[in-house]
Amino acid sequence: MAVEDRIRRAKKMLSQINPDKVKDDLKKLERAIEETWSYMKEIGVNEICKKCAEETGSCCKEWVEDEVDDVMIVMNMLMGVKMPEKRFKEGFCYFLSENGCILKVRPTICVNFLCDKITKTIGFENEKKLQEIAGRELELGFIVREKILKQLSFYFLERNSSKSYRLPSHSREKISST
């Protein structure tokens, strides 16, 4: 599904969400995201990425946007992220702007990936600490995602579109196999 279609679908899904049911978890997630970015800045990752992007155009290639599904878009919209109307630069991720990624909640690969240039520059101990901090962000993102999916379980049932999303394991709803 094209990214523009996922954004349109996420906007429809957003109207089915009760934000109060995830408000506290979203706040925790936002703090964890801020902690990840803060530590990345502290150890120089942001500068390394910025310089590399200026030299090579960024590692955020177009295929990366395929890792961003409707639910992740919903999570970002709930956190106040405005979705772009069009791609900033051909051949690169739809969510890349002139200032970097616009997403707060990012795919696992975007949170975890560190190129050789970064790992050699920051050293093992900083890499280890960054992965621990980023792990909290990913864990909280998973929790929020599950709570949103639980609210949307009827959405997938009504539209018979559950094949691309799994219902949370704690969901009582069943999907017929026919």
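The following conversation goes through a predicted model of one protein.

Biologist: Before anything else, what kind of model is this, and how are its residues numbered?

Modeller: This is a predicted model, in which local features need pLDDT of at least 70 and side-chain atom pairs count only at pLDDT 80 or more, while totals for chains, interfaces and linings use all residues. Residues are numbered from 1 along each chain as its sequence is written, and side-chain values use heavy atoms, with hydrogens and water left out.

Biologist: How many helices and strands are there?

Modeller: The protein has six helices and two strands. Both kinds of element are DSSP runs numbered from the N terminus: helices are H or I with at least four residues, and strands are E with at least two.

Biologist: In what order do they run?

Modeller: Starting at the N terminus, the order is α-α-α-α-β-β-α-α.

Biologist: How much of the protein is buried?

Modeller: Of its 178 residues, 41% count as buried. Buried means under 20% relative accessible area, exposed means over 50%, and partly exposed is in between, with a 1.4 Å probe and protein chains only.

Biologist: Let us turn to charges. How many salt bridges does a search of the whole structure find?

Modeller: The search finds eleven. A salt bridge is a side-chain nitrogen of Lys or Arg within 4 Å of a carboxyl oxygen of Asp or Glu.

Biologist: Which residue forms one with aspartate 66?

Modeller: Its partner is arginine 6, and the closest N and O atoms are 3.6 Å apart. This pair links distant parts of the chain, 60 residues apart: arginine 6 belongs to helix 1 (residues 3-14), and aspartate 66 to the loop between helix 3 (45-56) and helix 4 (70-78).

Biologist: Are those two buried or exposed?

Modeller: Aspartate 66 has a relative accessible area of 52%, so aspartate 66 is exposed. Arginine 6 has 5%, and therefore counts as buried.

Biologist: And what does arginine 136 meet in a salt bridge?

Modeller: The side chain of arginine 136 meets that of glutamate 35, at 2.8 Å from N to O. Because arginine 136 lies in helix 6 (residues 116-159) and glutamate 35 in helix 2, the pair ties together parts that are 101 residues apart in sequence. Arginine 136 is partly exposed at 38% relative accessibility, and glutamate 35 is partly exposed at 37%.

Biologist: What about lysine 82 and glutamate 85?

Modeller: Their side chains form a salt bridge at 3.8 Å, N to O. Both of these residues, lysine 82 and glutamate 85, are exposed.

Biologist: Now the surface. Which residues form the positive patch?

Modeller: That patch is formed by Lys23, Lys27, Lys28 and Arg31. Patches are made of residues with over 30% relative accessible area and no salt bridge; like charges are joined within 9 Å, and nonpolar side chains (Val, Leu, Ile, Met, Phe, Trp, Tyr) within 5 Å. Lys and Arg count as positive and Asp and Glu as negative, whereas His and the chain ends are not counted.

Biologist: Where is lysine 28 found?

Modeller: Lysine 28 is in helix 2 (residues 23-42). With 42% relative accessibility, lysine 28 counts as partly exposed.

Biologist: Which residues make up the nonpolar patch?

Modeller: Trp63, Ile109 and Phe113 make up that surface patch, and together have about 310 Å² of accessible area. Accessible areas come from the Shrake-Rupley method with a 1.4 Å probe. Tryptophan 63 sits in the loop between helix 3 and helix 4, and is partly exposed at 45% relative accessibility.

Biologist: How many aromatic pairs does the structure hold?

Modeller: The structure holds one. The ring centres of tyrosine 94 and phenylalanine 95 are 5.6 Å apart and their planes stand at 80 degrees, so the pair is edge-to-face. Rings of Phe, Tyr and Trp (its six-membered ring) pair if their centres lie within 6.5 Å; planes under 30 degrees apart count as stacked, over 60 as edge-to-face and the rest as tilted. Tyrosine 94 and phenylalanine 95 are both buried.

Key. Charge placed at Lys NZ, Arg CZ, Asp CG, Glu CD.
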